Amino acid sequence: CCRRGAAAAMVIASVTAESNERIRTLEYPVVDLSWKRGRAAELLVRACEEFGFVKVVNHGVPRSVIAKMEAEEARFFALPPCEKHKAGPPTPLGYGIRSIGFNGDMGELEYLLLHSNPSYISQKAKTICRKDPIHFSGVVNEYVKQVRQLACQLLDMVGEGLGLQDTRVLSRLLQDSENDSLVRLNHYPPWPGSDRAVGDADREPAGGKSRDKRSGGRIGFGEHSDPQILSILRSNDVDGLQILSAQAEDGGVWIPVPADPAAFYVIVGDALQAMTNGRLVSVRHRAMANSCRPRTSTVFFGAPSPGTRITPLPQMIKPQAPRRYKSFTWAEYKKAMYSLRLGHNRLDLFLAD
Ligand code: GA4
């Protein structure tokens with residue numbers, strides 16, 4: 001269900017979550033990109049400040065592009081294991097099953113992690129899809145192109161909403177020919193235990209087990225923030241995504257975000273939090289794998305080039321908002337992230353003195 005928040009006029013979707021014999025109504029923001037640009041930009045910024053997350057509808061990515069991508073993903077995950085392993089191991093890119101990263105994190109999923117560079121995808125397609133590599137790379141490259149455009153549009157709106165002098169400063173990072181953006185195809189197999197209620201459950205310790213302590217729900221991909229600038233996620237019609245509310249007063253509540261295959265979900269990453277000097281927050285999120293049906297999700301992670309310096313934008317530093325983060329390159333941040341567990345608050349390592 002949807003309502004317009006009275007004071008904020010931010011469109012909020014609410015979801016009723018049942019856990020521990022309590023029923024709660026939890027909310028997350030929605031922005032319709034067919035609204036007037038200025039208004040949408042203002043609300044987008046508010047959503048990224050308050051939640052670090054927003055669902056976007058009327059996004060303009062053609063349905064045919066999405067459908068072809070979904071079909072290729074289904075085809076890939078249906079391959080025999082030996083064929084899928086030809087794309088792996090994930091070091092860090094490639095095909096992975098259960099194991100996430102290099103430090104012992106585990107999930108209930110299999111995935112294909114690719115660089116978003118078109119020539120990388122075309123090369124990789126030859127190992128992934130020997131029968132028709134050109135078709136595979138054509139479909140993935142077109143999807144990535146469309147979703148990157150969406151990410152750039154959203155970043156320009158963020159630039160406008162923040163009142164930056166150069167509104168394109170963020171989107172240019174994703175358009176750099178050396179940008180380090182990734183695309184991730186996830187497949188969460190069904191859980192024969194049928195659908196379970198997983199609402200505002202206890203927080204899992206960083207890099208924790210694959211069960212949620214309070215709800216008993218099965219965690220597909222554990223709690224973490226995305227390291228990049230902006231992530232654009234889409235899933236099939238199976239629920240699973242949960243975001244951790246950023247409001248300190250509720251002690252961190254998991255908000256289940258119902259699946260909507262017609263929408264994209266936007267996740268603020270650590271690099272954008274750093275560049276906005278903490279004004280936009282990188283949201284902690286996770287994926288549950290509780291459904292009796294398989295869940296698939298596709299995520300574009302928009303990142304700058306390795307040599308780009310991530311530093312709070314001068315306009316974001318004010319007497320009432322002193323500099324919060326050191327300056328670091330994307331390559332330095334990646335080095336730190338791969339040396340740490342999934343759930344680590346890695347941006348804290350870069351706090352200004
Ligand atoms: C989380 C966001 C993206 O899925 C990802 C992940 C990456 C990986 O799977 O290789 C990481 C994780 C993610 C952050 C910490 C490190 C690296 C697994 C992990 C334990 C592709 C990314 O960029 O960072």
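Trainee: How do strands β10 and β13 pair in this predicted model?

Mentor: General idea to start with: strands in a sheet are held in pairs by backbone hydrogen bonds, in a parallel or an antiparallel arrangement. Here, β10 (residues 241-244) and β13 (residues 285-288) go antiparallel, with 3 bridges between them. To find your place, look at Leu-241, which sits opposite Ala-287 of β13.

Trainee: Which strand order does the sheet have?

Mentor: Read across it as β8-β13-β10-β11: that's an open sheet of 4 strands, paired antiparallel. At the edges you'll find β8 (219-224) and β11 (254-256), each with pairing on one side only. Ignoring direction, neighbouring strands in this sheet are turned by 20° against each other on average.

Trainee: And how many helices and strands are there in the protein?

Mentor: You get 8 helices and 16 strands. Of the 353 residues, 55% are buried. Take contacts between residues at least 6 apart in sequence: 70% of those link residues at least 24 apart.

Trainee: What about cysteines: how many disulfides does the count come to?

Mentor: The test is a pair of cysteine sulfur atoms within 2.5 Å. By that rule the count is 0. Cys-48, for instance, is in no disulfide: the nearest cysteine sulfur belongs to Cys-152 and lies 15 Å away.

Trainee: Is Cys-48 buried or exposed?

Mentor: Buried means under 20% relative accessible area, and Cys-48 has 1%, so it counts as buried. Cys-292, on the other hand, is partly exposed, at 43%.

Definitions and conventions
Residues numbered from 1 in each chain as written. Predicted model: local features only at pLDDT ≥ 70, side-chain atom pairs only at ≥ 80, totals over all residues. Heavy atoms only, no water. Pairing = 2+ DSSP bridges. Helix = DSSP H or I, 4+ residues; strand = E, 2+ residues; numbered from the N terminus. Axes fitted to C-alpha atoms, helices over the stretch in contact; angles between N-to-C directions. Buried < 20%, exposed > 50% of the residue type's maximum accessible area, 1.4 Å probe, protein only. Contact = heavy atoms within 4.5 Å.
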